[in-house]
Amino acid sequence: MGTLLVRNIAHLATFDDGARELENGAILIRDNVIEAVGTTAEFERTEADEVLDLSGHIVMPGMVNIHHHMYQNLTRVMVQDDELLVWLKTLYPIWSNLDDDAIGISARMAMAELITSGCTTSSDHLYILPNNCTLDATIDAAADLGLRFHAARGAMSRGQSQGGLPPDSCVEKEEDILKDAERLISAYHDNSRHSMSRIILAPCSPFSVTPGLMKDAAALARSHGGVHLHSHLAEDLFEEVYCHDIYKMRPVDFAERVGWLGPDVWFAHSIFMTSEEIDLFASTGTGVAHCPSANMRCGQGIAKIREMLDKGVPVGLGVDGSASNDTSNMFMEARLAMMLQRVAPNKYLSESPGGRGGFGGTPSALSAREALTMATRGGANILGRDDIGYLAPGMSADFIAVKLKQLGLSGTQRDPLAALVMCGPFKVDYSFVNGRKIIDKGEFVSLDVERLLDRHEAVMHRIYEQ
Ligand SMILES: [Zn+2]
C-alpha cells in the first residue's frame with residue numbers, strides 16, 4: 001500500500017492516552033499502520049506516496065460496535081409496541097427461514113450502514129442458524145467490504161420442550177455447536193496484531209441455552225488465545241424471573257456459577273443490576289455492551305452506565321438489532337447513550353418548591369466525549385484489542401472524517417467533536433480501515449449500494465413468504 005499523508009485536518013481528535021485534540025492536524029500512515037500523528041507543520045518536509053487534504057474536516061478513530069444481530073435487518077419494524085418476550089416469539093418462526101444467502105446479504109447491508117455511520121470494527125452475534133446456515137457468510141461479507149470483524153458464534157440449544165423460550169425448530173444440538181465453534185476458530189481466528197478477523201463464542205441467553213453449554217463454551221474459548229465470550233444478561237425483567245424460577249438465582253449469579261465473569265467476557269444490556277453486581281463486574285473486568293436504542297425501543301429501562309464507568313466496569317456501545325433498534329448507526333447510538341444517562345432518574349422533584357412530583361435527571365451524567373470514548377476505546381478494550389480505538393503511532397490505520405461545512409454542523413466551530421454527538425447523527429465523508437479507503441467523499445469505493453438494496457429486498461420477501 002505504501003505511505004499516505006493525511007494533512008490540513010481542521011480538527012484531529014486522537015482519543016490517545018492524553019485525549020489530544022489538534023488543530024490543523026496530520027497523520028502519516030505506512031501500509032496499514034499509523035506511523036506518526038502531529039500538526040501539518042511538523043510534516044512539512046515529509047514525502048508520501050499519496051497525500052489526502054482534509055481541510056474542513058474533523059477526523060477521529062473509527063468506532064467499534066460490540067453488539068449486533070445483523071440478520072435482523074430483514075425483519076425491521078415488526079412487533080412495534082410489545083415487550084421483548086412477544087417480539088421474540090413472533091420473530092423466531094420467520095427467522096427459521098433464514099439461509100446462507102439471507103445471512104450474507106443482510107450482513108452486507110448492516111455493515112454498509114455501520115460503515116457510513118462511522119464504524120470500522122464490528123462484532124455480530126449470530127445465534128440462530130437454521131437450514132445449515134454458517135457464520136462463514138458474514139465473515140466473507142466483512143472481508144468483501146473491508147470491515148474489521150469479530151464474528152460471534154451464537155447458539156440456542158434449549159428449545160420449548162426443554163423449558164427454553166425458542167421453538168425447538170430454532171435450536172441446535174450442543175455437540176454440533178461446539179464442533180462448529182472449533183471449526184470457525186481454526187479457519188478464521190487470527191489473534192495477531194492488526195488482525196481483521198477474530199472469533200467469539202456466544203451462547204445466546206440464560207433462557208435459550210443450558211448451563212452446560214455455557215461452561216463448555218468458556219472452556220473451549222479459553223483453550224485458545226484471544227477468543228472472547230459474549231452473551232445477553234440482565235436485559236429484561238422476564239429474564240430475571242426466568243432465572244429465579246429455573247435456576248433459583250439472579251442472572252449475574254448464573255453467570256458467575258458457569259464461569260462467565262472476567263476480562264474475556266462481556267454482556268449486552270446489563271440493565272437489571274444491583275450495585276453489588278456492578279462491583280463484581282468491576283473487580284473481575286467483565287464488560288458491558290450498552291445498547292440505548294434497543295433498551296428504549298423495547299421499554300426495558302436504563303442501564304446504570306454512569307455508575308459502571310465510575311466503578312471501572314469496561315463499557316462499549318452496541319447498536320443491537322436491527323429489529324430491536326431498528327437501525328445500525330454508531331453516531332446515533334453515541335448520541336442516545338449520552339441523552340439516556342441524562343434522563344436517568346436520580347432526583348425526586350416533588351421536593352421542589354412547586355411540588356411537581358416525578359423524577360429528574362442531570363445534564364452532567366454523561367458527556368459527548370465520554371459517549372465517543374465508549375464508542376471507540378471502550379469497545380476496542382472489550383474486544384481485547386490494543387491496536388484500535390485511538391490514533392497513535394503503531395495503531396491500526398482505522399479512522400473516519402466528517403465534513404464540517406454541512407447542514408446541522410454550522411455554528412459548532414468552537415467544539416466540532418462534541419457536535420458530532422450533540423448535533424448528529426452524521427454520515428462519514430471518509431472511512432479508512434486497516435489503511436484501506438472504504439468511503440471516499442461520502443461514497444463507497446467498491447460497493448454497489450443499489451444492487452445490494454435490490455438483493456436485500458428480494459431476500460426479505462422470500463423470508464416472509466416461506
Ligand atoms: Zn441482542
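A donor here is an N, O or S atom within 2.8 Å of the metal (3.2 Å for Na, K and Ca), and water is not among the atoms, so sites may look incomplete. What is the spacing in sequence of the donor residues of the zinc ion? The pattern reads H-x1-H-x162-H. Helices (H or I, at least four residues) and strands (E, at least two) are DSSP runs numbered from the N terminus. The protein donors are NE2 of His67, NE2 of His69 and NE2 of His232, at 2.1 to 2.2 Å from the zinc ion.

Before going further, a word on the source. This is a predicted model, in which local features need pLDDT of at least 70 and side-chain atom pairs count only at pLDDT 80 or more, while totals for chains, interfaces and linings use all residues. Residues are numbered from 1 along each chain as its sequence is written, and side-chain values use heavy atoms, with hydrogens and water left out.

Are His69 and His232 buried or exposed? Both are buried, where buried means under 20% relative accessible area, exposed means over 50%, and partly exposed is in between (1.4 Å probe, protein chains only).

Now the salt bridges. The term means a side-chain nitrogen of Lys or Arg within 4 Å of a carboxyl oxygen of Asp or Glu. The structure holds 25 of them. One joins Arg183 to Asp136, with the closest N and O atoms 2.8 Å apart. Arg183 sits in helix α4 (residues 174-188) and Asp136 in helix α3 (residues 136-145), 47 residues apart. Arg183 counts as partly exposed because its relative accessibility is 32%, whereas Asp136, at 16%, counts as buried.

Another salt bridge pairs Arg148 with Asp398, again with the closest N and O atoms 2.8 Å apart. Here Arg148 is in strand β8 (residues 148-155) and Asp398 is in the loop between α12 (368-382) and β16 (399-403), 250 residues apart. Both Arg148 and Asp398 are buried.

A further salt bridge connects the side chains of Arg306 and Glu370, at 3.0 Å from N to O. Arg306 lies in helix α10 (residues 305-311) and Glu370 in helix α12, so the pair ties together parts 64 residues apart in sequence. Finally, salt bridges with shared partners join Asp136, Arg153, Glu172, Asp180 and Arg183 into one network.
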